[in-house]
Amino acid sequence: IFSWTFYNLYDNQMFPNFYRGLFENEDVGLHTYGILNSVQVFAEAGCMMLVPIIMRKVGVRTVLLMGVSVMCLRILGSAVFTDPVIVSIVKMFHAIEVPLFILGIFRYLTLHFNAALSATLYLVGFEVSAQVGNTIFAIPFGYIRDALGYQPTFFVIAAVVACAGVWAFFALKKDDEALINFASRSLD
């Protein structure tokens, strides 16, 4: 709830209007945003092929923590920069972040939970909690954005995501913990 939900608030509800406002002509901003999204989708597909390789090298837990880090950097980048070119580069972090999260979450669930339940856990646990979080936090963060503006709101969202990342560092099981637990269950 405190990472993906806040990212969705940032990415879906606030970033497009923020980005469009960086241009003198908002139509140019909207057009540029559309092109940038198209490029980002292809880059994201490429990253989907690289993340399993990275996951094998550094581990599932580390991939998830990398995803939170990239997410936080992206939101912070939007809070700090106002140059459309730099913010466009920051937007491209999305192509790295989503594969780290999506593939990492699926692998984490299959590693630490019964494989038959992993799809259900994903759909119910991840997606529903993200949507409930969006419903709960959209209005207060909309008020914060209206009162303070986009960039201060992005700082607040980045702080929440950073706190979630610190919590995840301590709360997520290490990859080898699942092997020990699985092995001990097999022996019983």
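Me: Which helix is Asp11 in?

Reply: Asp11 sits in helix 1. Keep in mind that this is a predicted model.

Me: Is Asp11 buried or exposed?

Reply: Asp11 is buried, because its relative accessible area is 8%, and the cut-off for buried is under 20%.

Me: And what is Asp11 in contact with, leaving aside neighbours within four places in sequence?

Reply: With those neighbours set aside, Asp11 contacts Pro16, Tyr33, Arg74, Lys91 and His94.

Me: Lys91, ok. How do helix 1 and helix 4 cross?

Reply: Helix 1 (residues 4-20) and helix 4 (residues 84-91) cross at roughly 155°, and their axes come within 11 Å. Helix 1 and helix 4 are therefore roughly antiparallel to each other. The crossing of helix 1 past helix 4 is left-handed.

Me: Which residues make that contact?

Reply: From helix 1 you have Asp11, Phe15, Phe18 and Tyr19, and from helix 4 Pro84, Val87, Ser88 and Lys91. Sorted by class, the contact of helix 1 with helix 4 has five nonpolar, one polar and two charged residues.

Me: Let's zoom out. How many helices and strands are in the chain?

Reply: The chain has eight helices and zero strands. Read from the N terminus, the order of elements is α-α-α-α-α-α-α-α.

Me: Why call the chain as compact as a globular protein of that length?

Reply: Because the radius of gyration of the chain is 18 Å, close to the 16 Å that the globule rule gives for 188 residues. Along the principal axes, the C-alpha atoms fill a box of roughly 65 × 35 × 25 Å.

Me: What percentage of the residues count as buried?

Reply: 41% of the 188 residues in the chain count as buried. On contacts, take those between residues at least 6 apart in sequence: 80% of them join residues at least 24 apart.

Me: Back to helix pairs. What about helix 3 and helix 7?

Reply: Helix 3 (residues 60-80) packs with helix 7 (residues 150-171) at an angle of about 165°, and the axes are 8 Å apart. That angle makes helix 3 roughly antiparallel to helix 7. Helix 3 passes helix 7 in a left-handed crossing.

Me: Which residues meet there?

Reply: On the helix 3 side they include Leu65, Val68, Met71, Cys72, Ile75 and Leu76, and on the helix 7 side they include Phe154, Phe155, Ala158, Val161 and Gly165. By class, the contact of helix 3 with helix 7 has 17 nonpolar, three polar and one charged residues.

Me: Stay on Leu76. What is Leu76 in contact with beyond its sequence neighbours?

Reply: Leaving aside neighbours within four places in sequence, Leu76 contacts Phe155 and Ala158. Leu76 is partly exposed, with a relative accessible area of 30%.

Me: How far apart are Leu76 and Leu64 in space?

Reply: C-alpha to C-alpha, Leu76 and Leu64 are 18 Å apart, and 12 residues separate them in sequence.

Me: Last one, Arg145. Where does Arg145 lie?

Reply: Arg145 is in helix 6 (residues 115-148). Arg145 counts as partly exposed, at 23% relative accessibility. Setting aside neighbours within four places in sequence, Arg145 is in contact with Gln13, Met14, Tyr150 and Thr153.

Conventions: Residues are numbered from 1 along each chain as its sequence is written. This is a predicted model: local features need pLDDT of at least 70, side-chain atom pairs count only at pLDDT 80 or more; totals for chains, interfaces and linings use all residues. Side-chain values use heavy atoms; hydrogens and water are left out. Axes are lines fitted to C-alpha atoms, for helices over the stretch in contact, and angles run from 0 to 180 degrees between N-to-C directions. Helices (H or I, at least four residues) and strands (E, at least two) are DSSP runs, numbered from the N terminus. Angles under 35 degrees count as roughly parallel, over 145 as roughly antiparallel, 65 to 115 as roughly perpendicular and the rest as oblique. A crossing is left-handed if the near helix is turned anticlockwise from the far one by less than a right angle, and right-handed if clockwise. Contact means heavy atoms within 4.5 Å. Ala, Val, Leu, Ile, Met, Phe, Trp, Tyr, Cys and Pro count as nonpolar, Asp, Glu, Lys and Arg as charged, and the others, Gly among them, as polar. The radius of gyration is taken over C-alpha atoms; the globule rule is 2.2 Å times the number of residues to the power 0.38. Buried means under 20% relative accessible area, exposed over 50%, partly exposed in between (1.4 Å probe, protein chains only).
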